Amino acid sequence: MKLSVIGCGYLGAVHAAAMASIGHEVIGIDVDERKIAALSSGQAPFFEPGLPEILASGIASGNLRFSTDIADAHGAKVHFIGVGTPQQRDGYAADLTYVNAAVDALAPHLTPGDIVAGKSTVPVGTAAGLAPRIQATGATLVWNPEFLREGFAVQDTIDPDRLVVGVGAENGGSADAVDTLREVYHPSIAKETPFIVTDLATAELVKVSANAFLATKISFINAMAEIAEATGADVTQLADAIGHDARIGRRFLGAGIGFGGGCLPKDIRAFAARAEELGRGESVGFLREVDAINLRRRDRAVHLVVNALDDDIVGKRIAVLGASFKPHSDDIRDSPALDVAVRLRGLGADVTVTDPAAIENARQQHPQLAYVHDRDEALRDADAVVVVTEWDEYRRELDPHHAASLTIGRVIVDGRNCLDAAAWRNAGWNYIGMGRP
Ligand code: UGA
């Protein structure tokens with residue numbers, strides 16, 4: 001099937017390449033000429049395992065093309081909208097400028113019978129507001145939210161755990177549109193992946209409520225970490241123990257410096273802002289607390305470092321291991337890791353940051369920090385070490401004896417509770433976890 005994907009950021013670029021890899025003919029469109037030039041030559045503009053391979057094979061097969069000209073979307077049967085919905089500069093709500101611009105630019109190139117499938121994460125009610133503009137062209141709007149995780153984006157797009165398609169009630173073409181979406185996702189349909197058809201509002205809400213739940217789960221365990229700190233309990237054991245209850249589950253109970261990235265933080269804020277607009281602010285009032293707990297954990301990590309250095313960190317050399325908001329990603333949007341590094345530097349420490357993938361992005365945003373690619377170079381002569389992103393390079397591959405041969409101090413703050421505390425202590429380190437003794 002001929003498909004267009006409007007917006008070639010994280011979501012759109014992966015979606016375009018993934019759809020080509022399952023046999024569709026795809027045109028990816030973005031206004032950013034540099035991004036389109038990179039993608040056209042098979043280069044992924046960001047670090048995502050597996051993406052370079054499917055980009056290259058898609059381009060080589062002729063199934064995948066990229067363009068800056070929205071007119072090239074003409075002729076596609078389904079047009080996916082995958083543009084960003086960042087947090088507004090002056091508030092918590094989502095900025096819908098790019099969604100509106102994409103719909104306005106696309107509308108003149110639609111043919112009656114086309115389907116426009118929104119994938120961007122939007123405040124509930126957005127699709128209903130856009131629908132008349134799409135319907136005026138004879139096309140049908142559906143909402144088809146995306147649940148991909150960075151680092152696993154290719155796998156999550158080709159083989160998702162569920163597919164959700166929201167359709168408008170007043171919309172005559174809905175049944176056909178749903179069948180067409182089934183054809184688009186034919187490998188998942190063949191595997192009997194749950195395919196859930198809803199109204200537009202439900203589809204929009206599925207996405208934001210899923211992210212709100214995940215954020216709440218992380219902040220719940222971080223709240224338990226705060227209680228553990230006051231009582232001498234161990235939050236990692238607590239998470240293991242409650243996680244054995246299948247109703248709770250162990251995943252996303254990793255206590256530490258909390259969540260960041262381009263999705264969870266801005267999505268819970270946008271959700272709270274939208275609920276206020278709907279007169280239901282109190283229904284998700286807890287999301288403000290989820291946000292507050294999350295941000296407190298960054299402060300806590302900074303406090304632990306300062307405290308371990310006897311409140312004297314001016315001029316102290318601190319090795320910060322990690323910059324991306326999570327491993328397997330070069331994304332530094334709202335990264336708790338970088339936030340900790342920036343705060344330590346703000347307190348006068350001499351901070352050196354290392355990361356396997358995110359240094360270039362981090363340097364652009366925070367040029368005041370020192371960066372080195374080599375982990376051991378970051379550790380050399382450090383007074384204290386902070387692990388803020390649980391890359392395997394730090395979690396599995398860093399031997400405490402080897403680290404001790406490089407550093408001056410023996411303080412390690414494990415901001416992700418990802419190290420073997422006993423092994424580090426046995427090697428002579430003052431190991432400090434987050435919510436564990
Ligand atoms: C998140 C959701 O997990 C995806 O399902 C969703 O599609 C995506 O947002 C989106 O809206 O596009 P992502 O932002 O890639 O995906 O990252 P996550 O894997 O959810 O991690 C988010 C943050 O939570 C990271 O900073 C991670 O370190 C942190 N985290 C995760 C914890 O602190 N503890 C945990 O136990 C798990």
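Start your tour by selecting Glu150: leaving aside its neighbours within four places in sequence, Glu150 is in contact with Tyr10, Glu48, Phe325, Lys326, Ser329, Asp331 and Arg333, where contact means heavy atoms within 4.5 Å. Before you go on, note that this is a predicted model, in which local features need pLDDT of at least 70 and side-chain atom pairs count only at pLDDT 80 or more, while totals for chains, interfaces and linings use all residues. Residues are numbered from 1 along each chain as its sequence is written, and side-chain values use heavy atoms, with hydrogens and water left out.

**Stop 1: around Glu150**

Glu150 sits in the loop between strand S6 (140–143) and helix H6 (153–158). Helices (H or I, at least four residues) and strands (E, at least two) are DSSP runs, numbered from the N terminus. Is Glu150 buried or exposed? With 7% relative accessibility, Glu150 counts as buried; buried means under 20% relative accessible area, exposed over 50%, and partly exposed in between (1.4 Å probe, protein chains only). Now show Arg333 too: the side chains of Glu150 and Arg333 are joined by a polar contact of 3.1 Å. A polar contact is a pair of N or O atoms within 3.5 Å; within protein, one must be able to donate a hydrogen and the other to accept it, and residues adjacent in sequence count only if both atoms are side-chain atoms.

**Stop 2: aromatic rings**

The structure holds 4 aromatic pairs. Rings of Phe, Tyr and Trp (its six-membered ring) pair if their centres lie within 6.5 Å; planes under 30 degrees apart count as stacked, over 60 as edge-to-face and the rest as tilted. Select Tyr10 and Phe46, a stacked pair with 4.2 Å centre to centre and 15° between the planes. Tyr10 is in helix H1 (residues 10–21) and Phe46 in the loop between helix H2 (33–40) and helix H3 (51–61), 36 residues apart. Tyr10 is buried, at 14% relative accessible area, and Phe46 is buried at 14% relative accessibility.

Next, pick Phe47 and Trp391. Their ring centres are 6.3 Å apart and their planes are at 65°, so this pair is edge-to-face. Phe47 lies in the loop between H2 and H3, and Trp391 in the loop between S12 and helix H16 (392–395), so the pair ties together parts that are 344 residues apart in sequence. Phe47 is partly exposed at 35% relative accessibility, whereas Trp391 is buried at 5%.

**Stop 3: strands**

Colour strand S1 (residues 2–6): 4 of its 5 residues are buried, so S1 is largely enclosed by the rest of the structure. S1 pairs with strand S2 (residues 25–29) in the parallel sense over 5 bridges; two strands pair if DSSP finds at least two bridges between them. Look for Ser4, which stands opposite Ile27 in S2.

Then find the open sheet of 6 strands, with parallel pairing and the order S11-S10-S9-S12-S13-S14. Strands S11 (370–371) and S14 (430–432) stand at the edges with a single partner strand each, so one side of each has no neighbour in the sheet. Within this sheet, S9 (residues 317–321) and S10 (residues 350–354) run parallel and are joined by 5 bridges, with Arg317 opposite Asp350 in S10.

**Stop 4: helix H9**

Finish with H9 (residues 200–231). At its start, a side-chain oxygen of Asp199 reaches to within 3.2 Å of the backbone nitrogen of Ala201. After H9 comes Gly232, whose phi is positive, near 85°.
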